[in-house]
Amino acid sequence: MDFAVARRNMVDNQVLTNRVTDSLVIEAMENVAREDFVPERAREVAYMDESISLGGGRGIMEPMALARMLQAASVQSGDVVLDIGCGLGYGAAVLARLASTVVAVESDPDLAAQATKVLETQGVDTVAVVEGDLSQGAAKQGPYDVIFVEGMVDEIPSVLLEQLAEGGRLIAVVGTVAGLGRATLATRSNGLVSKRDLFDIGIPPLPGMAKSPIFHL
């Protein structure tokens, strides 16, 4: 299979046709070999317009969803980014082409180890993979200009919002219906965080990010 051609077709037919106009996002997705960041069994379908299972209920979001969320986050070249739920590192690798530094948090030890290995193999040296609780982020390395959540969540944890720098943006898909949610952009301005819904989209859910239960007496 000619992966370079498949990558070009992905950009032409999935990214450009879905209101993605940011040239930097487009260039980043043209230059990261998605086939190297999926399980070996899925290499031949790496560029299909659907999410890819990583096993254990985890998955890599489809290219269109990633591109639209990246565009909404307005990642700048000097930004420090927190990537939540990096899986095998594809999103982190794309982010690394847009930002100066990426801290990628992954809760699954095997995925974290594999992500570190493939990123090193690809020569991506501005990403640090950190094993830990996805809902807690990585406060020690913060604050962050951008927080990118790679999976659908019931709600955005307040502890992640607290790790946003002034002027920072957090992008996540929030939803409780299986397979469908709304891309939500949270921004910090003058110390206050505001949120707004952007568009409907479906991406794989993240574990450990369920809404806290409410107890009634």
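**Exercise 1.** Which residues are linked with R8 in a network of salt bridges?

*Solution.* This is a predicted model: local features need pLDDT of at least 70, side-chain atom pairs count only at pLDDT 80 or more, and totals for chains, interfaces and linings use all residues. Residues are numbered from 1 along each chain as its sequence is written, and side-chain values use heavy atoms, without hydrogens and water.

Step 1. Apply the rule: a salt bridge is a side-chain nitrogen of Lys or Arg within 4 Å of a carboxyl oxygen of Asp or Glu.
Step 2. R8 pairs with E30; their closest N and O atoms are 2.4 Å apart.
Step 3. E30 sits in helix α2 and R8 in helix α1, 22 residues apart. Helices here are DSSP runs (H or I, at least four residues), and strands are too (E, at least two), numbered from the N terminus.
Step 4. The network holds R8, D12 and E30.

**Exercise 2.** Find where R58 and E106 lie, and state whether they are buried or exposed.

*Solution.* Step 1. R58 and E106 form a salt bridge, with closest N and O atoms 2.7 Å apart.
Step 1. R58 is in strand β2 (residues 58–60), E106 in strand β4 (residues 101–106).
Step 2. Both are buried. Buried means under 20% relative accessible area, exposed over 50%, partly exposed in between (1.4 Å probe, protein chains only).

**Exercise 3.** Explain what the salt bridge between R169 and D79 ties together.

*Solution.* Step 1. The closest N and O atoms of R169 and D79 are 2.9 Å apart.
Step 1. R169 lies in strand β7 (residues 164–177) and D79 in the loop between α3 and β3 (80–84), so the pair ties together parts 90 residues apart in sequence.
Step 2. R169 and D79 are buried.
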